[in-house]
Amino acid sequence: MRLLTIGAFARAARLSPKALRLYDQLGLLRPAAVDGESGYRFYDPAQLERARLIAWLRRLGMPLARIRRVCDLPAPAAAEELAGYWEQVLAETTARGRLATFLVDYLSGRGSTVEETATVFGIRYAARSESGLVRTSNEDTAYAGPRLLAVADGVRGPGGDLASAAAIDALKPLETLAVSAEDLLGALADAVGAADRAIGEIAASSESKEAVTTLTALLWSGSRLALVHIGDTRAYLVRDGGLFRITHDHTYVQSLVDEGRLTPEEAASHPQRSLLARALTGTGGARPELSLHGARAGDRYLLCSDGLSAVVPEGSLREVLTGPDAPQQVLDELVALAYAAGAPDNVACVVADVVSLETPADGGGR
């Protein structure tokens, strides 16, 4: 068997010798032989296919740790992994695109601060978290305040309830922090980082060394609101009589729907529909989605755990949410619907109405 020197192999693979040495250190691409005296690396021509695949994946921006996982999978499974990665990239690019559009408008004067400060809104709100009918513990946490709405669903097991509470506690200081509309996303991202670190401390002190939660939250400033979302808790917007979901589930089953391998109807009854693809785990690797939105007087928002969204059809949600009742009454109706459907999971909900500050906006609909 004729082996190639590292230089010849690098040229054939269109990689640099430096990259090959790095891939060797990481276990991505080991040389076929190493000279015992000089330490010089030699490669088998049959390794070119793997080397080129690594190079292509690097051009896509895939992290080296994930590339190693892809390269070690059979071709069909590797293709699925790559499709899932690219779906994630597209979702994150879309979120960054919305932020870029806002910043371009702001810097070019099309979104002037005069306009932003001239229209200021407040919210009427209510929050509730209840145990499901077949649950002995409640890992869901709901919070509503004058500037912050949040729902977190801790994964069952040791630390789940602590993780969901810690995630929201880390966001609560934003209520009193002076944050301009332009700084909303940065402030929210910093708070989520603090939440993840707090969850890491909970995990470290638990017997299982795990603590996991989802999180969906909205933060207000003026007529702008920032949304952070990770997991399968959801945010809905009611505007002009229509109900719109403004979050995208980070679940294994949702990824199958995104890839066209399942219909939404099939996903609703899939046995793994609650398997999370993203969540806050305290490991520092969280990838929450952040986006900026404009608020209008008359908007209504619903944040909820899957204890509501998984058992109450959107048609029923729309019927209740578009009605005339105040947030607390709407919330009670939604929880009643979840219980009527058997409430197999815990239920956490927040309902908030956007009002002009010219109209008194007292919390809780009182």
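This text walks through the predicted model shown above, from the whole chain down to single residues.

Start with the overall picture. The chain has 366 residues, and 46% of them count as buried. It contains 13 helices and 13 strands. The accessible surface of the chain is about 17,700 Å². Carbon and sulfur atoms make up 54% of that surface.

Helix α7 spans residues 160-171, and helix α8 spans residues 184-205. Their axes come within 8 Å and cross at roughly 150°. The crossing of α7 and α8 is right-handed. Which residues of α7 make the contact? They are Leu162, Ala163, Ala166, Ala167, Ala170 and Leu171. From α8 come Leu188, Ala191, Val192, Ala194, Ala195, Ala198, Ile199 and Ile202.

Now turn to charge. Side chains of opposite charge can pair when their charged atoms come close. The structure holds 15 salt bridges. Three of them are worth a visit here.

The first stop is arginine 50, which forms a salt bridge with aspartate 72. Their closest N and O atoms are 3.3 Å apart. Arginine 50 sits in helix α3, residues 48-59, while aspartate 72 lies in the loop between α4 and α5. The two are 22 residues apart, so this pair links distant parts of the chain. Are the two partners buried or exposed? Aspartate 72 has a relative accessible area of 54%, so it counts as exposed. Arginine 50 is partly exposed because its value is 26%, between the 20% and 50% cut-offs.

The next stop is the pair aspartate 332 and arginine 128, whose side chains meet in a salt bridge at 2.9 Å, N to O. Here a helix is linked to a strand: aspartate 332 is in helix α13, residues 327-340, and arginine 128 is in strand β4, residues 121-130. They are 204 residues apart. Both partners are partly exposed, with aspartate 332 at 32% relative accessibility and arginine 128 at 24%.

The last stop is aspartate 299 with arginine 239, a salt bridge at 2.6 Å, N to O. Aspartate 299 is in the loop between β11 and β12, and arginine 239 is in strand β9, residues 234-239. The pair is 60 residues apart. Both aspartate 299 and arginine 239 are buried. Salt bridges can also share partners, and in this way Arg234, Arg245, Asp249 and Glu314 are joined into one network.

Now move to the surface. Leu60, Trp86 and Leu90 form a nonpolar patch there. Leucine 90 belongs to helix α5, residues 75-108. Its relative accessible area is 40%, so leucine 90 is partly exposed.

Finish with a residue in a loop. Glutamine 47 lies between β3 and α3. Is glutamine 47 buried or exposed? Its relative accessible area is 17%, which is under the 20% cut-off, so glutamine 47 is buried. What does glutamine 47 touch, leaving aside its neighbours within four places in sequence? It is in contact with Phe9, Leu29, Arg30, Pro31 and Ala32.

Methods
Residues numbered from 1 in each chain as written. Predicted model: local features only at pLDDT ≥ 70, side-chain atom pairs only at ≥ 80, totals over all residues. Heavy atoms only, no water. Patch = residues over 30% accessible without salt bridge, like charges linked within 9 Å, V, L, I, M, F, W, Y side chains within 5 Å. Areas by Shrake-Rupley, 256 points an atom, 1.4 Å probe, with all protein chains shown as cover. Salt bridge = Lys/Arg side-chain N within 4 Å of Asp/Glu carboxyl O. Helix = DSSP H or I, 4+ residues; strand = E, 2+ residues; numbered from the N terminus. Buried < 20%, exposed > 50% of the residue type's maximum accessible area, 1.4 Å probe, protein only. Axes fitted to C-alpha atoms, helices over the stretch in contact; angles between N-to-C directions. Left-handed = near helix turned anticlockwise from the far one by under 90°. Contact = heavy atoms within 4.5 Å.
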